[in-house]
Amino acid sequence: MKPTKQPVYLGPRTSLTPSEVTHLEAEINYTRVYSQEGKTQLLSYTMKNVHALLNKHGNFIRISHKHVVNMDFVKETSKEQLLLKNGLRLCPSRRKRKQLEYLFS
């Protein structure tokens, strides 16, 4: 899916640009959104809701219970971790590793 530069609205005051989001991190019933500029934003939406909305406008994959990654920002993959273009290393869960191996093979 082609990433969009148009903002996606989650509510009346909350919008995200999917092409700028590097990854999402779950914090109980909140979601922390990380952008390519290094900015973070805490949303009062569950990660499941944010992932469902962003997935329609980009290439977002859930790699664990805690993380969703924009695959456009993945630099390198291995069985144990994903390396993002900003240097961050994220570890997929054991169950998601098999899906990622299938995706990257």
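A residue is called buried when its relative accessible area is under 20%, exposed when the value is over 50%, and partly exposed in between, using a 1.4 Å probe and protein chains only. Helices (H or I, at least four residues) and strands (E, at least two) are DSSP runs, numbered from the N terminus. The structure is a predicted model, in which local features need pLDDT of at least 70, side-chain atom pairs count only at pLDDT 80 or more, and totals for chains, interfaces and linings use all residues. Residues are numbered from 1 along each chain as its sequence is written, and side-chain values use heavy atoms, with hydrogens and water left out.

**Helix α1 and its cover**

Helix α1 spans residues 47–55, and its buried residues are Met47, Val50, His51 and Leu54. Viewed down the axis of α1, these buried residues fall within an arc of 100 degrees and therefore line one face of the helix; the arc is that of the directions from the helix axis to the C-beta atoms. An α-helix has 3.6 residues a turn, so residues three or four places apart point the same way. The cover over the buried residues of α1 includes β2 (15–16), β3 (21–27), β4, β5, β6 and β7 (67–70), where contact means heavy atoms within 4.5 Å.

**The sheet**

An open sheet is formed by five strands in the order β5-β4-β3-β7-β6, with antiparallel pairing. Its edge strands, β5 (40–43) and β6 (60–62), each pair on one side only. On average, neighbouring strands of this sheet are turned by 20 degrees against each other, direction ignored; axes are lines fitted to C-alpha atoms, for helices over the stretch in contact, and angles run from 0 to 180 degrees between N-to-C directions. Two strands pair if DSSP finds at least two bridges between them. The antiparallel pairs are listed below.

| Strand pair | Bridges |
|---|---|
| β4 and β5 | four bridges |
| β3 and β4 | six bridges |
| β3 and β7 | three bridges |
| β6 and β7 | three bridges |

Ala26 has Thr31 of β4 as its bridge partner, and Tyr34 has Thr40 of β5. Val33 stands opposite Gln41 in β5. On strand β7, His67 lies opposite Glu25 and Asn70 lies opposite Phe60.

In the hairpin of β4 and β5, with four residues between the strands, Gly38 takes a positive phi near 95 degrees. The hairpin of β6 and β7 also has four residues between its strands.

**Nonpolar cores**

A nonpolar core is a set of buried Ala, Val, Leu, Ile, Met, Phe, Trp, Tyr and Cys residues joined through side-chain atoms within 4.5 Å. The largest such core has 12 residues in all: Leu10, Leu16, Val21, Leu24, Ala26, Val33, Leu43, Met47, Val50, Leu54, Phe60 and Val68. Strand β3 and helix α1 are the elements that give two or more residues to this core. In soluble globular proteins, nonpolar side chains tend to be buried together.

Neighbours within four places in sequence aside, Val68 is in contact with His23, Leu24, Met47, His51, Phe60, Ile61 and Arg62.

His23 is found in strand β3 and counts as buried because its relative accessibility is 3%. The side chains of His23 and Thr22 are joined by a polar contact of 3.1 Å. A polar contact is a pair of N or O atoms within 3.5 Å; within protein, one must be able to donate a hydrogen and the other to accept it, and residues adjacent in sequence count only if both atoms are side-chain atoms. Beyond four places in sequence, the contacts of His23 include Arg32, Tyr34, His67, Val69 and Leu84.

Leu100 lies in helix α2 (residues 94–104) and counts as buried at 7% relative accessibility. With neighbours within four places in sequence left aside, Leu100 is in contact with Ile61, Ile63 and Pro92. Leu100 and Ser78 are 22 residues apart in sequence and 9.3 Å apart in space, C-alpha to C-alpha.
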